[in-house]
Amino acid sequence: MDFIGAYTPSHLTFLLEGFWVTLQVAFLSIVFSFTIAIIVGVLRYAKIPGVSQVLGTIVELIRNLPLLLIIFFTYFALPEVGIKLDKFWAAVLALVIFEAAMLSEIVRSGLNSVEKGQIEAARSSGLNYVQTLWHVVLPQALRRMVPPIVSQFISLLKDTSLAVVIALPELMNHAQIINGRNVNYVIPTFLMIAVMYFVVNYALSVVSKRLENKHA
């Protein structure tokens, strides 16, 4: 193990550049997937005839597919039908599709957890269905969803490493390049990667616990 050689300024900078790409992919995937998840979760909760069943089938299909397969599909299969994405956006799209399905189920479960009595009270006070959903159900559900949602965000960040299979220049890809220069760099490099992932994921966990305690 060569820690000194592995942790040269140029290598650390190279890893940080890869980690920056990882964080960009994760951030965009979180924003887009959570937005879609809210819409899908609400539509499924509303039990609109036909729509709810179709969305439920799509969600269950995606949830039971490997993320790696979806990454291959967005990068290798979509160009066959005329949709060509670069590595960055192929990875983002794959993560959005997969995580939106996961998060939508959390959203739907959170909405279903709100007591029926509160909904009936809101309706009896003169609020219509949309107003009740927006002002009563959704705010309470979102507070209850914080822990599982943050947990899913943490999983998403770790899942970005799968984009290494399409040579996206993210953290794992840059680590492989460094490791290819000297076999003695492998353990030090992976230890540094572990620290980077841990710091960000632990920070997310702390934020989640504080939000949970705040609304307890």
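## Annotated segments

Residues 183-204 are 86% helix and 0% strand, with end C-alpha atoms 33 Å apart. Helices here are DSSP runs of H or I with at least four residues; strands are E runs of at least two; both are numbered from the N terminus. The model is predicted: local features need pLDDT of at least 70, side-chain atom pairs count only at pLDDT 80 or more, and totals for chains, interfaces and linings use all residues. Residues are numbered from 1 along each chain as its sequence is written, and side-chain values use heavy atoms, with hydrogens and water left out.

An unreviewed UniProt entry lists residues 183-204 under "transmembrane region", along with 20-43, 55-76 and 88-107. UniProt positions follow the numbering used here, feature names are shortened, and annotations may be inferred rather than shown by experiment. Residues 88-107 are 100% helix and 0% strand. Their end C-alpha atoms lie 27 Å apart.

## Overall fold

The protein has nine helices and zero strands. The C-alpha trace spans about 70 × 45 × 20 Å along its principal axes.

Contact means heavy atoms within 4.5 Å. Of the contacts with a separation of 6 or more, 78% join residues 24 or more positions apart.

## Confidence

pLDDT is the predictor's confidence in each residue, from 0 to 100. The protein averages 91, and 99% of the residues score at least 70. Among the elements, helix H4 (residues 67-77) has the highest mean pLDDT, 96. Helix H6 (residues 116-124) has the lowest, 81. Where pLDDT is low, the predicted coordinates should not be read in detail.

## Surface and charge

Of the 216 residues, 41% count as buried. Buried means under 20% relative accessible area, exposed over 50%, and partly exposed in between, using a 1.4 Å probe and protein chains only. The protein exposes about 11600 Å², and carbon and sulfur atoms supply 69% of that area. Areas come from the Shrake-Rupley method with a 1.4 Å probe.

There are 15 positive and 12 negative side chains. Lys and Arg count as positive, Asp and Glu as negative; His and the chain ends are not counted. The centres of the two sets lie 8 Å apart. Each charge is placed at NZ of Lys, CZ of Arg, CG of Asp or CD of Glu.

## Phe153

Phe153 is found in helix H7 (residues 129-159). Phe153 counts as buried because its relative accessibility is 14%. Leaving aside neighbours within four places in sequence, Phe153 contacts Ile30, Phe34 and Leu103. Ala194 is 41 residues from Phe153 along the chain, and their C-alpha atoms are separated by 17 Å.
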